[in-house]
Amino acid sequence: MTVHVPTQVRGEAHVHPPKVELFDLKAMTNTDPKRQVRTVDEYRLTEHGLYMSRAVVGHPQLSHFESWLLPTHGLRVTKQSWHAGHERDYDFYVDIVHVQPDEQVWRTVDLYLDLLVRTGREVEVLDTDELMTAVRLGVLGAHDAQVALEGTYRAVAGIAAHGYDIQRWLAAEGVDLTWGISR
């Protein structure tokens, strides 16, 4: 069965099927949503999730990123490193995702909503328009949309209640995010 998904309706956000990403611990690879297989520098498995660190080869602005996949929270928390002159005004990029852990390959399914965390200042919710269009067009079901919204509300409330500091919020939840060497 083939499903045609309109990519854009007049006045609405561009819609794509939910992005799927794979994290192969044995092969030390990360398969991005465009099915590009990338070499991973480090995976670290903890009781709360999976840490990944890898270079971003060939990108004109982004040089490296580190991510934590947190199944219980439905989050992918990412710190990005930028080439000189391309820095961004946020500290963490957070994807609202389904995280499916496995012994060898972890999988994430993106639920459209993202957060920009500016530590000590604010948290910004992105892509609500994409989520709503995906639901309206049947690309994302109502249950998954509800999971995305509830996860977003929980994260925004927790981050805000801890001085707009995602690491303080998660530490209060018993999750210690440790990062690699600063780049």
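The largest pocket of this predicted model has 36 lining residues, and those nearest its centre are Lys19, Glu21, Asp32, Pro33 and Phe65. A pocket here is an open set of points on a 1 Å grid over the protein atoms alone, where a 1.4 Å probe fits, with protein on both sides within 12 Å along at least five of seven lines; lining residues have an atom within 4 Å of a point. Two or more lining residues come from each of strands S1 (20-24), S3 (37-39), S5 (50-55), S6 (62-70), S7 (75-82), S8 (92-100) and S9 (105-118). S9 contributes the most, with five residues. By class, the lining comprises 14 nonpolar, eight polar and 14 charged residues.

Strand S2 (residues 29-31) contains Thr31. Thr31 is buried, at a relative accessible area of 17%, where buried means under 20% with a 1.4 Å probe and protein chains only. Leaving aside residues up to four places away in sequence, Thr31 touches Val20, Glu21, Leu22, Gln36 and Val37; contact means heavy atoms within 4.5 Å.

Helix H1 (residues 128-136) has Glu130, Leu131, Thr133 and Ala134 as its buried residues, and these pack against S9 and helix H2 (142-161). Helices (H or I, at least four residues) and strands (E, at least two) are DSSP runs, numbered from the N terminus. Just after H1, Gly138 adopts a positive phi of about 80°.

Residues are numbered from 1 along each chain as its sequence is written, and side-chain values use heavy atoms, without hydrogens or water. Local features need pLDDT of at least 70 and side-chain atom pairs count only at pLDDT 80 or more, whereas totals for chains, interfaces and linings use all residues.

How values were computed: Ala, Val, Leu, Ile, Met, Phe, Trp, Tyr, Cys and Pro count as nonpolar, Asp, Glu, Lys and Arg as charged, and the others, Gly among them, as polar. Buried means under 20% relative accessible area, exposed over 50%, partly exposed in between (1.4 Å probe, protein chains only).
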